[in-house]
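Please look over the sequence and the model shown here before reading on.

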Amino acid sequence: MNAALIIDAAYFAAAFLFIYGLKRMSSPVTARSGIVVAGWGMVVAVVASFLYTLDVNAAARPHLTTNVILAAIALAVGLGWAWWSGKKVAMTAMPQMVALYNGMGGGAAGTIAAIELLGHKTHGSVGLTLAVLGGLIGSVSLAGSLIAWAKLDGRINKTLRLTGLQAINGTILFVTAALGAYMVYRHGAVSMPVIALFFALALVYGVMMTMPIGGADMPVVISLYNAFTGLAVGFEGYVLNNPALMIAGMVVGSAGTLLTLLMAKAMNRSVKNVLFSNFGAAGDEGAGEIQGTMKPIDAGDAGINMRYASKVIIAPGYGLAVAQAQHKLYEFVKLIQEAGVEVKFAIHPVAGRMPGHMNVLLAEAGVPYDIIYDMEDINAEFKEADVAIVIGANDTVNPAARTNKASPIYGMPILNVDQAKQVYVVKRGQGKGYSGVENELFFRDNCNMVYGDAQKVMIAMIQAVKSLEGGGH
């Protein structure tokens, strides 16, 4: 069997593993194994790339051997860093890591495009066009993802607000696209400064496009850059005539695009609105003064009330992740379940800082999948709940989205926690959500605030319930 046939078979196997792995990721029950399967697909694809050394003539072999050594060193460094960071990263920092990895994929695609353009290796208008597009999209994804990472990690705490910002960004994009078109027109025969300017402007555009976007929209932004990275990788796969890259890029690009559209729909906004509306810039301006007061309650009293409820629905948010309280939360859930209380979890599509963040968090604590419900499947049940408890969520439970047309979040679907007979909100302080909008729920007559770190609150609730039985649990 010759090397070319082995390489083709390896690429076919890698493509199958990518697609099968993605299919298994569609269910929480099989998602973990799906990630492992897709990971093995990447291993096969990497091995296939190294097999090219068996399929070159003797004259080219010395130069290629040097490249293989450099590639092996880079692979070892990347594997070591990824293994160390993956083991070290906390669940709260998972969105940052996803944003960073998105950027690395886009950067890799941009680097391939740069090498092809600098070496004048791409022939034909189609290949050259895709190389330029891949370079543009990959560079935007790299810069934008790094900004998203910095915002999520608290390294950048401000959004960019400039008069005429959209016109500035539009000009940058137009000039970048014009340079790309010029490179295609010249069949790649352009000087290094032109290529360098093209990539520099693409990176600047990625920064300028992301800086104005607020934290409330970061889940959608992460998903969008994931789609960008996949698209760029698919284009560069065509340029390199690499089937594995093409298929992986198409799968990631299409999945990321669908997820982005679903996320935007969950917020009742278009992707264009997310990127260009300066969401949250107005804050509470024009929203009107909220009537009522916030009414605090002791954590133990809230826990005892839930112990005697018939039905409790839990709405988790990013505050649960920050406090790493998911294990104590599930301990409390099991405690009241033993007392005959029906407990369900309600997950908003944009809860947390990335898609699926809350599902992963609860799965880590061992919460059964059959008591975790998506928003559309459980929203009608809040009217039947004796208690709804909100842990670290804000904008996703704000009734202003339904009732206040002056609110910036008006029209966004929310969890109907306000319709429960009693609502408890676990919150560290009286701060606002990512959108900068005051939450009307906190002032409702049927709502009480339980102030404190979520983990400490859950410990207090557990102790209070156990004390009813004299510690018998």
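Are Lys344 and Glu381 buried or exposed? Both Lys344 and Glu381 are buried, where buried means under 20% relative accessible area, exposed over 50%, and partly exposed in between (1.4 Å probe, protein chains only). The model is predicted, so local features need pLDDT of at least 70 and side-chain atom pairs count only at pLDDT 80 or more, while totals for chains, interfaces and linings use all residues. Residues are numbered from 1 along each chain as its sequence is written, and side-chain values use heavy atoms, with hydrogens and water left out.

## The sheet

Six strands form an open sheet in the order S3-S2-S1-S4-S5-S6, with parallel pairing. Its edge strands, each of which pairs on one side only, are S3 (372–374) and S6 (447–451). From one strand to the next, the twist averages 25°. Helices (H or I, at least four residues) and strands (E, at least two) are DSSP runs, numbered from the N terminus, and two strands pair if DSSP finds at least two bridges between them. As a general point, strands of a sheet pair through backbone hydrogen bonds, either parallel or antiparallel.

Strand S5 (residues 422–427) is joined to S6 by five bridges, and the two run parallel. Within this pairing, Tyr451 in S6 is the bridge partner of Lys427. Five bridges also join S4 to S5, again in parallel, and Val387 has Gln422 in S5 as its bridge partner. Six of the six residues of S5 are buried. On one side of S5 these are Gln422, Tyr424 and Val426, and on the other Val423, Val425 and Lys427.

Axes are lines fitted to C-alpha atoms, for helices over the stretch in contact, and angles run from 0 to 180 degrees between N-to-C directions.

| H14 (residues 357–364) | S1 (311–316), S2 (342–347) and S3 | about 145° with S2 |

## Nonpolar cores

A nonpolar core is a set of buried Ala, Val, Leu, Ile, Met, Phe, Trp, Tyr and Cys residues joined through side-chain atoms within 4.5 Å. The largest one has 41 residues, and those with the most contacts inside it are Ile314, Phe345, Ile389, Ile391 and Met461. Leaving aside residues up to four places away in sequence, Ile389 touches Met306, Val312, Ile313, Ile314, Ala315, Tyr424, Val426 and Met461. Another core, of 32 residues, lies apart from it and includes Leu152, Leu165, Phe199 and Met209. In soluble globular proteins, nonpolar side chains tend to be buried together.

## Salt bridges

The structure holds nine salt bridges, a salt bridge being a side-chain nitrogen of Lys or Arg within 4 Å of a carboxyl oxygen of Asp or Glu. In one of them, Lys344 is paired with Glu381, with the closest N and O atoms 2.8 Å apart. Because Lys344 lies in strand S2 and Glu381 in the loop between H15 and S4, this pair ties together parts that are 37 residues apart in sequence. Salt bridges that share partners join Lys311, Glu342, Lys344, Glu381 and Glu384 into one network.

Glu381 has a relative accessibility of 16%. Not counting residues up to four places away in sequence, Glu381 touches Lys311, Ile313 and Lys344.

Glu384 forms a salt bridge with Lys311, in which the closest N and O atoms are 3.3 Å apart. That pair links distant parts of the chain, 73 residues apart: Glu384 is in the loop between H15 and S4, and Lys311 is in strand S1. Lys311 is buried, with a relative accessible area of 8%.

A further salt bridge joins the side chains of Lys466 and Glu331 (3.8 Å, N to O). Here Lys466 in helix H17 and Glu331 in helix H13 are 135 residues apart. Lys466 is partly exposed at 26% relative accessibility, and Glu331 is partly exposed with a relative accessible area of 29%.

## Positive phi angles

Asn241 has a positive phi of about 55° although it is not a glycine. Asn241 lies in the loop between helix H8 (218–239) and helix H9 (243–266), and counts as exposed at 58% relative accessibility.

Definitions and conventions. Contact means heavy atoms within 4.5 Å.
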